Amino acid sequence: MNIHSFLADDDQQSRQYNFVLNSTNKAQEHRKNDRSESTLGDNYLRSFCFRLAQEGDYTEAIALLTQLIYRYPYNAVDYNKRGLIYFQSGETQKALYDYNTALKFNPNLASAYNNRANYYATCGELAAALADYDQAIDFNPYYIRAWINRGITWRDLEQYDQAIENFEVALLFGQLEGHIWAERGRTYHLWGDWNYALAFAERLVEKLAIRVASRTEGIADYRRALTQLPSIGNSKDITGYRLRLQLENWLNELLSDQRPIW
């Protein structure tokens with residue numbers, strides 16, 4: 001399992017990122033002269049934390065969020081954001097604590113369930129991960145990241161039909177299509193790889209047909225995904241860039257597979 005396969009969310013993430021990009025010069029001045037919350041306001045600090053995390057400055061991002069949490073000790077969103085940054089920095093137990101705290105203060109916070117599920121998934125606790133993805137989707141049926149992540153988890157459990165079903169739903173939202181096609185392609189890829197003999201001839205024919213179709217669909221989805229993901233050298237979308245590298249490996253693996261399909 002690869003942790004980069006799972007999509008995290010910290011509430012309005014893309015809007016915050018664009019806001020901070022438009023304020024880069026002000027942010028640099030803020031970092032040099034006065035990092036206190038009084039300079040640009042709490043909302044700016046929350047956005048600025050995301051920028052810092054994108055740059056890999058986890059220590060400063062966590063410090064700023066800790067200031068906000070000290071001032072607003074019952075703000076579930078701030079705990080969820082800090083948990084996400086802890087998780088990105090490899091401090092997974094602190095991340096879990098913050099996710100749990102966020103859900104204590106706001107049991108309906110879908111993104112916290114998604115992020116905690118990502119933690120469980122990377123730890124191999126797939127049943128717990130599925131339960132949290134279910135909760136995220138129950139509270140927000142339009143939560144595309146949770147649909148994708150739940151599909152990935154079903155795939156890890158080798159429940160490929162369930163995985164495909166989740167990716168198909170995710171495609172209906174018209175977002176993150178590159179990610180979805182990549183993960184659906186990987187699912188078709190894996191679904192066609194069997195390691196057992198079939199008992200009856202008619203069963204064999206049926207499975208062979210599925211395998212050929214799965215391989216074809218997998219290649220098609222990989223190629224669709226490549227048209228949507230950022231190009232090599234594009235560092236603005238780190239998750240998309242990493243997925244592109246992973247996707248190219250998957251596609252090469254599938255195309256170079258010369259084993260007979262029987």
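At what angle do the axes of helix H10 (residues 160–171) and helix H11 (residues 177–191) cross? In this predicted model, the two axes cross at roughly 160° and come within 10 Å. With angles over 145 degrees counting as roughly antiparallel, H10 is therefore roughly antiparallel to H11. The crossing of H10 past H11 is left-handed.

Here is who takes part in that contact:

| Helix | Residues in the contact |
|---|---|
| H10 | Tyr 160, Asp 161, Ala 163, Ile 164, Phe 167, Glu 168, Ala 170, Leu 171 |
| H11 | Glu 177, Ile 180, Trp 181, Glu 183, Arg 184, Thr 187, Tyr 188, Leu 190, Trp 191 |

By residue class, the contact of H10 with H11 holds 11 nonpolar residues, five charged ones and one polar one.

Now let's turn to helix H6, which covers residues 92–105. Its 14 residues, at 1.5 Å a residue, should span 20 Å, and the C-alpha atoms at its ends are 20 Å apart, so expectation and model agree. Which residues of H6 are buried? They are Ala 95, Leu 96, Asp 98, Tyr 99, Thr 101, Ala 102 and Leu 103. These buried residues have two packing partners, helix H5 (76–88) and helix H7 (110–122).

Stepping back to the whole protein, you will find 13 helices and zero strands. Burial applies to 46% of the 262 residues. As for contacts between residues at least 6 apart in sequence, 58% of them join residues at least 24 apart.

Note on methods. Residues are numbered from 1 along each chain as its sequence is written. This is a predicted model: local features need pLDDT of at least 70, side-chain atom pairs count only at pLDDT 80 or more; totals for chains, interfaces and linings use all residues. Side-chain values use heavy atoms; hydrogens and water are left out. Axes are lines fitted to C-alpha atoms, for helices over the stretch in contact, and angles run from 0 to 180 degrees between N-to-C directions. Helices (H or I, at least four residues) and strands (E, at least two) are DSSP runs, numbered from the N terminus. Angles under 35 degrees count as roughly parallel, over 145 as roughly antiparallel, 65 to 115 as roughly perpendicular and the rest as oblique. A crossing is left-handed if the near helix is turned anticlockwise from the far one by less than a right angle, and right-handed if clockwise. Contact means heavy atoms within 4.5 Å. Ala, Val, Leu, Ile, Met, Phe, Trp, Tyr, Cys and Pro count as nonpolar, Asp, Glu, Lys and Arg as charged, and the others, Gly among them, as polar. The expected span of a helix is 1.5 Å times one less than its number of residues. Buried means under 20% relative accessible area, exposed over 50%, partly exposed in between (1.4 Å probe, protein chains only).
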